[in-house]
Amino acid sequence: MIPGFRMVCVRWEDPIAADGPWVSPEDLTLKPAYVETLGWVVREDLEYTTIAGSISLSPDLMYGDVNVIPVGCIRSIHTLDLEENCGS
């Protein structure tokens, strides 16, 4: 565990866009992608939840594999119960 951060599984809908500038009604079959993201919550507010897949603790605090997910796209967030560190 990293003190001050919680590990979560976020299930969310990822909006997608058509490849071209114009789409015919017959080709309009787009649907959002359903995604599961595992990571550390590094920021939360009323608009976005920010998840980092990696956290570097030294020499400075840095985040890697960051996803900023709009709250309206989130279907669920489950805190993962981690009882031990990744190792010594």
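Reader: What makes the contact between Arg75 and Glu13 a salt bridge?

Author: Happy to walk through it! In this predicted model, the side chains of Arg75 and Glu13 approach to 2.5 Å, N to O. The cut-off is within 4 Å between a side-chain nitrogen of Lys or Arg and a carboxyl oxygen of Asp or Glu, so the contact qualifies.

Reader: Which parts of the chain does the pair of Arg75 and Glu13 tie together?

Author: Arg75 lies in strand β5 (residues 74–79) and Glu13 in strand β1, so the pair links parts that are 62 residues apart in sequence.

Reader: Why is Glu13 called buried?

Author: Its relative accessibility is 14%. Buried means under 20%, so Glu13 falls in that class.

Reader: How do you know that Arg11 and Glu36 form a salt bridge?

Author: Their side chains meet at 2.6 Å, N to O, and the limit is 4 Å, so the pair counts. Arg11 belongs to strand β1 and Glu36 to strand β2, so parts 25 residues apart in sequence are tied together.

Reader: How many salt bridges does the count come to?

Author: Three. Among them is the pair of Glu44 and Arg6, at 3.1 Å, N to O. Glu44 sits in strand β2 (residues 33–44) and Arg6 in the segment before β1 (7–14), so this pair joins parts 38 residues apart in sequence.

Key
Residues are numbered from 1 along each chain as its sequence is written. This is a predicted model: local features need pLDDT of at least 70, side-chain atom pairs count only at pLDDT 80 or more; totals for chains, interfaces and linings use all residues. Side-chain values use heavy atoms; hydrogens and water are left out. Helices (H or I, at least four residues) and strands (E, at least two) are DSSP runs, numbered from the N terminus. Buried means under 20% relative accessible area, exposed over 50%, partly exposed in between (1.4 Å probe, protein chains only).
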